[in-house]
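This text leads a new reader through one protein chain, part by part. Please keep the sequence and the structure in view while reading.

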Amino acid sequence: VRDLILKQITPYAVDKAVNGSSLSKQIKGAGNLNGAADNALSPNKSIVYFIFALLTLYAAAALAAALFVNRLKWLYAALVGISCLVFLGLSWSSGIFKPAAAGAAVKVHGAVTRTYALTSVYPYGQEEVRVKIPGAFFASALDDGGWEAGPSSEEVKFSGKTGQYIYSSSLETTGAGDAALSFDSSGILRGEIKNPLPDRLENCFVLWGDTVIPVGNLAGREKISLNYRPDYNLKGSGDYNYLAALYRASGIQGLRRQLIDYYFYNVDDWQSGGRLIGFSGETGDLEINGIRQKAKYTVLHVFNIAVAGVSQETYLPGETIRPVVDYGPGGAGSEGAAKREYPGEDGKEMKVYFVLPPGLKPLGISFTAPPGRAGGIVLVYNYSSKAWDDPGGGSPTGERIQDYVTGGPLLLKICGGARATLPQIEVKGVRE
């Protein structure tokens, strides 16, 4: 019975056991999406072009009136009056005088699609603003006074004198299915990648552990064939530098990095395969003071990809198995949690769990980035001797690999008085 229970241990369960609910982490981290959320509220291009054309016409008429003062005074007066009416109408219709909203969101697709969103609401001086986000099972105003939270039937309320950010979570049961890739006998990753959405995806790339494969933009429902020999272009970056290396390899720039940062550090996506990642612009429904309206969102989409080997042998590169970190007192709010590193304080320690996929018998586990290269001490728990072993900087397992994984997840302890980066592990094994 004990062995059966251990085989069913998931990263999600371990994270909940050591860190509790991830909701507070997701809400706190959503504040870092404010730049991407505000950027989505950009003016309509057609209105901008029309105003520019109108200003050009106004300038031309004003110049003509100045040149022909006596004969075209009526034209100048008429144009000024018409321009004022047009500008007032455009301002009113474009929402300058009423509340507006825009946002940024991360969607993790699968049988159930999970959405994590930050909506920026501009109240335009109203004394009280009531916001409903249809479909959200949780909504929270991000302010220093706490949360105003409840199911989607309830409203988030706040003072309308200044803008406000609202975090929301939602679930959809009509998610996209997983794609699949496999290795051939020559070590080339082959398969078909599809954008399962009807909308265009931009800056797409396939991420498999420590390999990034840029694929560019994908039209709605577009399929492409992938034939790629993994070059492990992120290998050795370590957990702390992983995203910086990913941005260099994928070419992601600007505020879109905020969305990837949020996904990487705050979203519980523990599957150990690959991922197709891309961006889109979408509109979402919400109600502000009882009036239903549209809000523009910049969205990061993540789709799971199953990756299979040519035989029973399995190789999982670095970062395929993401760490579950126990930060000790203070939890995810502790120093170092934002970038998943050990801050380095005497008398304190941090534990890191790596949960292997079910059905995988490991034959070798090694670090792909030097653990504690900034000076921390890294130890590995031995379930057989019930003691902490020194891995010696290279491999935590050696010939006694089962001593470190048969009693539970691979467990590391980082301690000492110096900062330490979190290691990444690669696993070679067979499917049972």
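Tyr-232 is partly exposed, with a relative accessible area of 27%. Its place is the loop that connects strand 11 (223-228) with helix 7. The model is a predicted one, and in it the phi of Tyr-232 is near 50°, a positive value in a residue that is not glycine. As a rule, most residues other than glycine have a negative phi. Asn-203 is another non-glycine residue with a positive phi, about 50°. Asn-203 lies in strand 9 (residues 201-208), and its relative accessibility of 30% makes it partly exposed.

The protein chain holds nine helices and 23 strands. Of its 432 residues, 46% count as buried. Among the contacts between residues at least 6 apart in sequence, 73% join residues at least 24 apart.

With neighbours within four places in sequence left aside, Leu-300 is in contact with Leu-259, Ile-260 and Tyr-263, among others. Its contacts also include Ala-105, Val-106 and Lys-107, as well as Ile-277, Gly-278 and Phe-279.

Helix 8 also meets helix 7 (residues 238-250). The axes of these two helices come within 11 Å and cross at roughly 145°. The crossing of helix 7 past helix 8 is right-handed. On the side of helix 7, the residues in contact are Asp-239, Tyr-240, Tyr-242, Leu-243, Leu-246 and Tyr-247. Helix 8 meets them with Arg-257, Ile-260, Asp-261, Phe-264 and Tyr-265. By type, the residues of this contact are eight nonpolar, no polar and three charged.

The C-alpha atoms of Tyr-240 and Glu-341 are 6.6 Å from each other, although 101 residues separate the two along the chain. Glu-341 belongs to strand 16 (residues 341-342). Is Glu-341 buried or exposed? It counts as buried, because its relative accessibility is 13% and the limit for buried is under 20%.

In helix 3 (residues 23-30), the buried residues are Gln-26, Ile-27, Gly-29 and Ala-30. Helix 8 is among the elements that cover them, together with helix 4 (34-39), strand 2 (113-122), strand 4 (136-141) and strand 6 (164-172).

Five strands form an open sheet in the order 15-17-21-19-20, with antiparallel pairing. Its edge strands are strand 15 (324-326) and strand 20 (387-389), each of which pairs on one side only. On average, neighbouring strands of this sheet are turned by 30° against each other, with direction ignored. In general, the strands of a sheet pair through backbone hydrogen bonds, either parallel or antiparallel.

How many bridges join strand 15 to strand 17? Three bridges join strand 15 to strand 17 (residues 349-354), and the two run antiparallel. Val-324 stands opposite Tyr-353 of strand 17, and Asp-326 has Lys-351 of strand 17 as its bridge partner. Strand 17 is also joined to strand 21 (residues 410-415), here by six bridges and again in antiparallel fashion. In this pairing Glu-349 stands opposite Cys-415 of strand 21.

Helix 2 (residues 11-19) lies across strand 15 and strand 17, and runs at about 10° to strand 15.

Conventions
Residues are numbered from 1 along each chain as its sequence is written. This is a predicted model: local features need pLDDT of at least 70, side-chain atom pairs count only at pLDDT 80 or more; totals for chains, interfaces and linings use all residues. Side-chain values use heavy atoms; hydrogens and water are left out. Contact means heavy atoms within 4.5 Å. Axes are lines fitted to C-alpha atoms, for helices over the stretch in contact, and angles run from 0 to 180 degrees between N-to-C directions. Helices (H or I, at least four residues) and strands (E, at least two) are DSSP runs, numbered from the N terminus. A crossing is left-handed if the near helix is turned anticlockwise from the far one by less than a right angle, and right-handed if clockwise. Ala, Val, Leu, Ile, Met, Phe, Trp, Tyr, Cys and Pro count as nonpolar, Asp, Glu, Lys and Arg as charged, and the others, Gly among them, as polar. Buried means under 20% relative accessible area, exposed over 50%, partly exposed in between (1.4 Å probe, protein chains only). Two strands pair if DSSP finds at least two bridges between them.
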